[in-house]
Structures are given as C-alpha cells and as structure tokens.
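Thanks for coming. I have one model to go through today, so please have a look at the sequence and the coordinates before I start.

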Amino acid sequence: APCILSPGEEENALLNEKGLRYVHAHHNAFIDETVFHPSTDEHRIYDAIHIAAMQAWKRHDLAWNIPNICVLTYGHGSGDDTSLMGGYSSLAYSNCLGGGDVEFLSASDVAAKINQSRVGLILSAREGGNFASGEYQFCGLPVITTPSTGGRHYFLDAKTTIVVQPTAESVEKAANAQTWDAVAIHKRAVARAIPHRERLITYLSQISGRDIRAEAND
C-alpha cells in the first residue's frame with residue numbers, strides 16, 4: 001500500500017479517518033543543513049529575500065515596495081508570468097534575466113543569497129510545505145509570512161516567525177523591524193527536523209529490513 005508523508009497533526013487525523021497509511025514527516029525536515037546554515041562570511045546586503053515562482057498566487061505584489069530586495073524565482077509551469085518581476089520598485093538582485101529567462105542557481109548559491117539577507121518572505125495564502133520557508137530558517141533568518149493553509153506553518157519557528165496580514169504595508173513594516181540570533185534559529189530548525197527524520201528512518205527500516213538508523217549521522 002502507498003505511504004503518504006504527512007506534514008502535521010490535522011493531516012494525520014484526516015489520513016487516519018480515511019484509513020490511509022502515513023508517516024508524519026514534514027519535507028522541510030530534509031533540507032540539507034550542511035548547505036543551508038548561517039555563514040559568517042556573508043554581509044547582510046539585502047533588506048529581504050523572496051524566493052517564489054513567477055505565479056500570481058505567490059503574491060509578489062505584497063513585496064513590491066520593500067527596498068533593496070533580493071528575489072529568486074523559477075518556472076512553475078502554466079501561469080508563469082514574468083511581468084510580476086517588473087512590479088518591484090527596488091529590486092537589488094534577481095535571477096530573472098531579460099526576456100523572462102531564469103538563471104539556474106545551485107543550492108549553495110541560494111544559501112549564499114539567503115545569508116546576505118535580513119529576513120525571508122513567504123506570502124502565498126495556500127500551498128504545501130514550502131521549501132523556502134525551511135531554507136530561510138536553516139540559514140538562521142526570521143520568516144515573515146501571511147496566514148496560510150497547506151502545511152508550511154507546521155515547520156515555522158514560533159519564536160522568530162512574524163505572521164502579518166496580506167497587505168503591502170504590513171509586510172514592509174515587519175521587514176524593517178527584525179533583529180535575531182542566526183545560530184539559535186538554525187539550531188531550533190535542526191532540532192525541529194530530527195523527530196521527522198527519525199520517524200521516516202524507522203519506517204524505512206521496517207520496510208527494508210535494514211537498520212537505516214545505523215547508517216545515519218547524528
């Protein structure tokens with residue numbers, strides 16, 4: 001029978017009700033912390049970073065007025081709209097090139113841009129677990145998010161996540177008011193990830209007949 005990776009307790013309850021097999025393992029728990037971690041070599045040169053596909057539901061317009069912003073984007077398929085990138089009034093860096101082409105960035109390149117930023121933005125109203133929100137935290141950034149459904153909220157750090165109303169004014173105000181301890185945010189992200197990793201390792205050990213835990217690092 002198929003096994004579903006479930007991000008949180010609400011989903012666990014629904015899957016139980018439907019009689020479906022699952023492992024409670026949020027996909028942000030599997031971000032590689034050897035790549036996404038705070039860096040002492042990078043200077044904070046961007047007021048904020050927004051990692052989001054060129055899709056209207058990512059609500060780029062809520063961040064258009066933030067000064068000195070870094071925007072990393074990517075193709076998502078039907079509905080891609082490069083004009084969303086043209087709304088930023090103070091775009092300091094983007095991997096969206098002229099003509100709508102997008103420059104590929106490696107994971108380490110993305111981590112470097114995060115480490116050059118002060119806060120991370122996630123502004124959609126509904127989506128799944130959302131890797132960017134986890135990558136921000138593993139790099140030690142506070143997260144500014146709008147209220148959302150779909151799963152990302154389960155992996156957010158209650159101590160350093162600012163939930164704001166979906167208005168440009170609210171997002172900009174929150175982005176201007178953050179100080180934080182990057183190492184502490186990173187450590188809490190790793191600690192939050194470990195139970196999810198352990199549950200998946202236990203499941204994989206059961207179905208493989210191998211001691212996967214013995215093969216894992218700390």
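**N95 and its surroundings**

The side chain of N95 comes to 2.8 Å from the backbone nitrogen of T73. That pair is a polar contact, meaning N or O atoms within 3.5 Å; within protein, one must be able to donate a hydrogen and the other to accept it, and residues adjacent in sequence count only if both atoms are side-chain atoms.

Some ground rules before I go on. This is a predicted model, in which local features need pLDDT of at least 70 and side-chain atom pairs count only at pLDDT 80 or more, while totals for chains, interfaces and linings use all residues. Residues are numbered from 1 along each chain as its sequence is written, and side-chain values use heavy atoms, with hydrogens and water left out.

Back to N95. This residue sits in the loop between β5 (91-94) and α2 (107-115). Helices here are DSSP runs of H or I with at least four residues, strands are runs of E with at least two, and both are numbered from the N terminus. Is N95 buried or exposed? N95 counts as buried because its relative accessibility is 3%. The cut-offs are under 20% relative accessible area for buried, over 50% for exposed, and partly exposed in between, with a 1.4 Å probe and protein chains only. Beyond four places in sequence, N95 is in contact with V71, L72, T73, D101, V102, E103 and L105. Contact means heavy atoms within 4.5 Å.

Next, helix α5, residues 182-208, where H196 is found. H196 is buried, since its relative accessibility is 9%. Which residues does H196 touch, not counting those up to four places away in sequence? They are P7, H24, A25, H26, A29 and F30. P7 is 189 residues from H196 along the chain, and the two C-alpha atoms are separated by 9.1 Å. The H196 side chain also makes a polar contact with the side chain of R199, at 3.2 Å.

R197 has a relative accessible area of 18%, so it is buried. Leaving out residues up to four places away in sequence, R197 touches A29, F30, I31, E33 and F138.

F138 takes us to helix α3, residues 131-138, where seven of the eight residues are buried. The buried ones are A132, S133, G134, E135, Y136, Q137 and F138. What covers them includes β3 (48-51), α2, β6 (120-122), β7 (143-145) and α5. Just after α3, G140 has a positive phi of about 90 degrees.

Now the whole chain. The protein has six helices and eight strands, and from the N terminus the order is β-α-β-β-β-β-α-β-α-β-β-α-α-α. The radius of gyration is 18 Å, close to the 17 Å that the globule rule gives for 218 residues, so the protein is as compact as a globular protein of that length. That radius is taken over C-alpha atoms, and the rule is 2.2 Å times the number of residues to the power 0.38. Along its principal axes the C-alpha trace spans about 55 × 40 × 30 Å.

Buried residues make up 45% of the 218. Of the contacts with a separation of 6 or more, 58% join residues 24 or more positions apart. That is my last slide; questions are welcome.
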